[in-house]
Amino acid sequence: MSLGNLLYYRHQETLENMNFDLIIPIPLHWTSRLYRSHNPSTLIGEALSGRLQAPFDVNILAKRKRTPAQLGLNSSERRRNLRDAFRVRRARRIQGQSILLVDDVLTTGSTANAATQALLEAGAREINVAVIARALGQ
């Protein structure tokens, strides 16, 4: 069973009552995709999309700059690292929409916050974040 399916079964009632319009994964920078065979956020989002019968789009949010790994950075360094890192490619698609933003691990929330800011600035109405794991003590 995939991690996306586990997330769905663990939080099924909550997810089904959220009434979001679209599921969007946290993207990788295009150069990172060259070296990785998959994006965990995309796999989780695809599974949730199937379970919830909700639209899923990997082409709306893009990571516009390659950032150093977040590992080992404190909270303020993470925020600085991700400043202006995301852009919305299809703003009309998210106008007034409630979005479920999907990532694999939430540490300080810097990545989710940066992506959320880009989506809200492009016209999204509401962003909720779903993650598989929460790293504590960062």
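This is a predicted model: local features need pLDDT of at least 70, side-chain atom pairs count only at pLDDT 80 or more; totals for chains, interfaces and linings use all residues.
Colleague: What does Ile24 touch, not counting residues up to four places away in sequence?

Modeller: Ile24 touches Asp57, Ile60, Leu61, Ile94, Ile99, Leu100, Leu101, Val102 and Leu119.

Colleague: Why is Tyr8 called buried?

Modeller: Tyr8 has a relative accessibility of 6%, and buried means under 20%, so Tyr8 counts as buried. Tyr9, at 41% relative accessibility, falls between that limit and the 50% over which a residue is exposed, and therefore counts as partly exposed.

Colleague: What makes the pair of Tyr8 and Tyr9 edge-to-face?

Modeller: The ring centres of Tyr8 and Tyr9 are 5.3 Å apart, and rings pair if their centres lie within 6.5 Å. Their planes stand at 70 degrees, and an angle over 60 counts as edge-to-face, so that is the name this pair receives. The structure holds one aromatic pair.

Colleague: Which strands does the chain join by way of H7, and what is the hand of the crossover?

Modeller: Strands E4 and E5 (residues 126-134) run parallel and are joined by eight bridges, and in E5 the bridge partner of Ile99 is Ile127. The chain crosses from E4 through H7 to E5, and this β-α-β crossover is right-handed.

Colleague: What makes the contact between Arg125 and Asp21 a salt bridge?

Modeller: The closest N and O atoms of Arg125 and Asp21 are 3.7 Å apart, and a salt bridge asks for such a nitrogen and oxygen within 4 Å, so the pair qualifies. Arg125 lies in the loop between H7 and E5, and Asp21 in the loop between helix H2 (12-16) and E1, so that the pair links parts of the chain 104 residues apart.

Colleague: Is Arg125 buried or exposed, and why?

Modeller: Arg125 has a relative accessible area of 51%, and exposed means over 50%, so Arg125 is exposed. Asp21, with a relative accessible area of 28%, is partly exposed.

Colleague: How many salt bridges does a search of the whole structure find, and which residues are linked in a network of them?

Modeller: The search finds three salt bridges, and the residues linked in a network are Asp57, Arg90 and Arg93. Asp57 meets Arg90 at 3.8 Å, N to O, and Asp57 also meets Arg93 at 3.9 Å, N to O. Because Asp57 lies in the loop between H4 and E2 and Arg93 in helix H6, this second pair ties together parts that are 36 residues apart in sequence.

Colleague: Why is Asp57 called buried?

Modeller: The relative accessible area of Asp57 is 10%, and buried means under 20%, so Asp57 is buried, whereas Arg90, at 41%, is partly exposed, and Arg93, at 35%, is partly exposed.

Notes: Residues are numbered from 1 along each chain as its sequence is written. Side-chain values use heavy atoms; hydrogens and water are left out. Contact means heavy atoms within 4.5 Å. Rings of Phe, Tyr and Trp (its six-membered ring) pair if their centres lie within 6.5 Å; planes under 30 degrees apart count as stacked, over 60 as edge-to-face and the rest as tilted. Buried means under 20% relative accessible area, exposed over 50%, partly exposed in between (1.4 Å probe, protein chains only). Two strands pair if DSSP finds at least two bridges between them. Helices (H or I, at least four residues) and strands (E, at least two) are DSSP runs, numbered from the N terminus. A crossover is right-handed if, with the strands pointing away from the viewer, the path from the first strand over the helix to the second runs clockwise. A salt bridge is a side-chain nitrogen of Lys or Arg within 4 Å of a carboxyl oxygen of Asp or Glu.
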